[in-house]
Amino acid sequence: MNNVQSSANTLIVEKMSKSYGSGADEHRVLEDLSLRVEPGEFVTIVGPSGAGKTTLLRCLSGLVAPTSGVVRYGEVPVSGPLAEIAVVFQDYRASLMPWMTVRDNVAFPLQGRKIAKRARNDAADEALDSVNLPGVGDKYPWQLSGGMQQRVAIARGLAYSAPVLLMDEPFGSVDAQARFELEDLALDLRSRLGISVVVVTHDIDEAVYLGDRVVVLGGRPARVIDTIEVDLGRDRDQIATRAKPRFAELRTQVMTEIRETSISSR
Amino acid sequence: MNAYQKVRAGLAMLWLPIAVLAAAWVATAAADSFYFPTPPVILEALIDGFRQDHLWDDLVFSVRNIGVAVLLGSAAAVCVGLIIGESRALTHATAPFLTFARATPMVAFIPIFIITFGIGAAPKIIVIAIGVFWPVLLNTITGIRGIHPAVRETAVSFRIPKLLYLRRIVLPGAAPQIFAGLRIAIAVALVLMVVSEIYGSSVGLGNYILESGARFQVAATWAGTVVIGALGYGLSSALILLERRVLGWHQERPRKNSRPKRRGSPAVSGVFASRRG
């Protein structure tokens, strides 16, 4: 699909803050955040519940505008949803349309781009193959298990063929086995398609396991506490990687940082 | 389902109507009352009505009016509902007016409409269409407001153009509520159809029962009433068939937050929401 190398395709956040409400009711959620997602990079954003992770992802996807600071994709400001950024939402039950077949769900965003029906369906089937769901195109989403539905949502993001895939707690509501499979699927898609992936999660192990870099959020309002380069190599394995001493060190580091911040901000 | 099960299922649904018909037959035969003719006498009047009297023309007139009016009224209601329901401000601004409009029975407007527009088919179609309009409009708005915010957000994030969004997301998302509105609308439409033909009309099923009643042709009046009942049943059945086609996904989908089975009205929902088709 998209094999992007140039830095024009870097997702950049500079000194971004986000508040809800105004005046005395102003509630600051995010403060002075800066981060970069290079092409082909897998970045995880981890933080405790209520730290504004979803708000950050909504800013990255252009669904809400930051109060101050800049989000841009290369030189293009993200002032609304971009064709280069696809989103996989947390709640797959609500984000997949129950009145559309799986294939129609995956192909639907392409209809907005005025792509011919044949080509849309081919792209949808190809995307479904990529997420290891061949042959379910004619079913309805609610006939599939939770893990399979989330694969469909990922396939929809892939069919959109955006170079950046944003995922909001994507594996939170599936069972443990499906979760491991989906994590490896996300890693595999990054390697095969060369896309950048951003995953927001509250799960520290998951953040370390998936990320080339882990962005640790914490405090109220949330700031970037630390950005950790994960030196575990690109090939990860659910058993071997998680058993490495370095993996344990990294997760301890993230956990300590999060705990210290939450104590100090109390 | 094998043949035996089909017969059983059919009997389970039909035994009550059959029992009621039999009871009416026995009661009317025993009573020998002028006002309550036996079923065979009504049937005879029905056949005579179609063969010799103008019952067929009346039926055609009524069916055409109610058909045109339901199509016009519901189409207009869905279009206006899409505009109002998609705007939070409009939904709030129109809510008090809509509640008032729905609460006022359209039957009360029939004399005004007849004074204004005369006694042809047009005023009847207008009255029925307006009666249909309110429940469908209100349900369309409710249906649209009830669409999960994540659905909207998904459409925005994938840059779905507005018209495509309305057609493939909002309309199907609100469809279960719209159909609920249509069911109410059909009941309202039947009442308005009959009353609009009783008050100032020389044709139509309403006029048929009025005229035959005035001439004390009791069996003919009963026959007309039976035709009106059959028309209502036919319209409801047509709507259920349409609903099954359009809302197959909604009826087959397992209920995620299913309520305990005892709540609701199984007598109604059981028949209408039958999942066998």
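Some housekeeping. Residues are numbered from 1 along each chain as its sequence is written, and chains are lettered from A in the order in which they are written. Because the model is predicted, local features need pLDDT of at least 70, side-chain atom pairs count only at pLDDT 80 or more, and totals for chains, interfaces and linings use all residues.

Confidence, then. pLDDT is the predictor's confidence in each residue, from 0 to 100. Chain A averages 86. In chain A, 96% of the residues score at least 70. Residues 1-6 of chain A fall below 50. Where pLDDT is low, the predicted coordinates should not be read in detail.

Now the contact between the chains. Two residues are in contact if their C-beta atoms, placed from the backbone, lie within 7 Å. Chain A brings 19 residues and chain B brings 18. On the chain B side, α7 (149-157) and α8 (162-198) each give two or more residues. Helices here are DSSP runs of H or I, at least four residues, numbered from the N terminus. Helix α7 of chain B gives the most, with six residues.

Last, one residue in chain B. Where is B:I228 found? It is in helix α10, residues 218-246 of chain B. Buried or exposed? B:I228 is buried, because 20 other C-beta atoms lie within 10 Å. The cut-offs are 20 or more for buried, 12 or fewer for exposed, and partly exposed in between, with C-beta atoms placed from the backbone. Leaving out residues up to four places away in sequence, B:I228 touches B:V194 and B:L205. From B:E153, 75 residues apart along the chain, the C-alpha separation is 47 Å.
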